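Welcome, and thanks for taking a look at this one. Have the chain open beside you as you read the notes below.

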Amino acid sequence: MTNPQDDQDTQAPHPTSDAPPPGCPAHAARLYGPDFRRRPAETYQRIRHESGQVAPVLLEGDIDAWFVLGYRETRQVLSDVETFGRDPRRWNGWDSVPPDWPLLPWVAYSPMMTFTEGEEHRQRATAVGEALATIDPFVLRGHCERFADQLIDKFAASGKADLVYDYIYSVPTLATAELFGLSDEEAGLEALAGGLTVSFLSNEEAIAGQQHVAAYVAELVKAKRDAPGPDLTSQFILNTPDLTEEQQTADLMVLMAAALPLTSYWIGNTLRLMLTDERFAMTLSGNRRSIGEAMNEVLWADSPLQNLIGRYATRDTALGGRRIRTGDLVVLGLAAANADPLLWPDTPVGHGGNHAHVSFSGGDYGCPAGGPETARIIAETAIEVLLDRVPDLTLAVAPEELRWVDSFWYRCLESLPVTFSPTAVNAG
C-alpha cells in the first residue's frame, strides 16, 4: 500500500495561467485503463509531478475534465458552492459524451439529491439526516454481529474462503436489507447488490446495472408509501411528503449506494491492509484499537471512494493556477488529495487520530449527517467479528497477485482469498 508520505520528495510544478485547456492530448493524463486500475496512487503522483495540483485529464472515452489533486484545492471546491455547482446540465462537454459512456449512470442528470443545489439540497439532505438519526447504533451493531456470525458459520470449517464473495459484500447487503425494510429473499438481495456494484464499473454493464437498481427501489418506494414500516425507507418517505416517487426513489438509491458498495470496499481494503502490513497484522488477535486505526488508515491512503464527479464551474474562475471556464467539469480526486505531500511533515508520523481526510467528500454537499457513522458501524462490526472468530487469517496469494476492480469511482478488490485454521460450528 502506498503511504501519503511516499510522495514527500515529489515537488509539483507551478503551472501558469496560460496552461492548455483540458483534453489537450499532449498534456492530459488518462484516468482509465489497466495501469490506472492497478496503480492509481502512482498515476496520481505522476500527474501531480507533471501538471501540479489541478491538471487536465481524460476520462474513459477521452472525455475532457479538470482533475483536482491538491488537498487545499479540493477543500476550496467543496466549500465554494457558488462557483462549483453540482447540476451536470451545466457541463459544456456533453456533445462529446456517447450514449453508452460507462460513467453516465451517476453523471447524467436525474432527480437525485446529489444533483441538487441551494435550499432544495439542504431540505433533502436534512430529510436524509433525520431518517438516519432514527437508526439505533446498538441495534444495528447487534444485527451486523448476527449476520457476520451466520456468514462465518458457512466457511469456518473449511479453513479457506474468498472474503469478497463469502463475506465482504454480504454483511453490508444484509444490513441494508434490515435498515431499508427489504425482503430477505436471497436472490433479490444479490441482484440489488450486483446492480449497485456494476453501476460503478468502467464497462458496458454500468448503465444496465443502475437501471435494474432503479426499478427495484421504485417498487420498494411504492410498497412503503402504501404500507409504511419501522425502517429507513418508510421514515424517509414520511420526512419528504413533497417529493415525488421518482425523487424519493433516486435519493434512496444514493443511500443504498453508500450502504452497499462503499461500505463493502471499506471492509475489504481494511482487511487487505491488516493482512499485508506488519503494523496491523501483528495485532490481529486481540487489539481492538488496531481495527479503528486500520480503518482510518484506509480512508487516508487507500480510500474506497477514489474520485468524484463532480462539480461544474458556474462562472470563469481560477483554481490551482489554472483557468477554469464556465461549464468545465471538475473531478475531485479525493484519494489524490488525501495523499497531497503538502499535508504531511518530513518525518512520517502516520494517520493516527487524524480524521481530516476528504474520503467522504465535505462541505455543504458532503455526505448527509449520520451516513459515515452508519457505514463505520457496519464495517467495524464485520471486521471485529471476523477477526474474533478467525484470528489466524492468512492471505492465500502474494499481495501483488491481488486484482482490482476496473472502476474510476472506487478502489476495491476482485477477490481476497484467505486460509485459516478450520473451526467447528456450534449447532444452534
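An angle between axes under 35 degrees counts as roughly parallel, over 145 as roughly antiparallel, 65 to 115 as roughly perpendicular, and the rest as oblique. This is a predicted model, in which local features need pLDDT of at least 70, side-chain atom pairs count only at pLDDT 80 or more, and totals for chains, interfaces and linings use all residues. Residues are numbered from 1 along each chain as its sequence is written, and side-chain values use heavy atoms, with hydrogens and water left out.

**The chain overall**

- The chain has 15 helices and eleven strands, taken as DSSP runs numbered from the N terminus (helices H or I, at least four residues; strands E, at least two).
- Of the 428 residues in the chain, 56% are buried, where buried means under 20% relative accessible area, exposed over 50% and partly exposed in between, with a 1.4 Å probe and protein chains only.
- Taking contacts (heavy atoms within 4.5 Å) between residues at least 6 apart in sequence, 74% join residues at least 24 apart.

**Helices α7 and α15**

- Two packed helices are described by the angle between their axes and the distance between the axes.
- Helix α7 (residues 170-180) packs on helix α15 (residues 371-389) at about 135 degrees, with the axes 10 Å apart; axes are lines fitted to C-alpha atoms, for helices over the stretch in contact, and angles run from 0 to 180 degrees between N-to-C directions.
- The two helices, α7 and α15, are therefore oblique to each other.
- V171, P172, A175 and L179 of α7 meet T374, I378 and A382 of α15.
- By class, this contact of α7 with α15 has six nonpolar, one polar and no charged residues; Ala, Val, Leu, Ile, Met, Phe, Trp, Tyr, Cys and Pro count as nonpolar, Asp, Glu, Lys and Arg as charged, and the others, Gly among them, as polar.
- Nine of the eleven residues of α7 are buried, including S170, T173 and F180.
- Just after α7, G181 has a positive phi of about 75 degrees.

**Helices α10 and α11**

- The axes of α10 (residues 232-239) and α11 (residues 245-276) come within 11 Å and cross at roughly 135 degrees.
- On the α10 side the contact is made by T233, F236 and I237, and on the α11 side by Q248, D251 and L252.
- This contact of α10 with α11 divides into three nonpolar, two polar and one charged residue.

**The nonpolar core**

- The largest nonpolar core has 132 residues, and those with the most contacts inside it are L59, L163, Y167, I309 and L416; such a core is a set of buried Ala, Val, Leu, Ile, Met, Phe, Trp, Tyr and Cys residues joined through side-chain atoms within 4.5 Å.
- Helix α11 gives the most to this core, with 17 residues.
- Beyond its neighbours within four places in sequence, L163 is in contact with F155, I168, L271, L386, L393, L416 and V418.

- A257 lies in helix α11 and is buried, with a relative accessible area of 5%.
- Leaving out residues up to four places away in sequence, A257 touches W106, L196, F200, L262 and Y410.
- A257 and F200 are 57 residues apart in sequence and 9.5 Å apart in space, C-alpha to C-alpha.
- T74 sits in helix α3 (residues 71-79) and counts as buried at 0% relative accessibility.
- Not counting residues up to four places away in sequence, T74 touches V68, L332, L334, A337 and V358.
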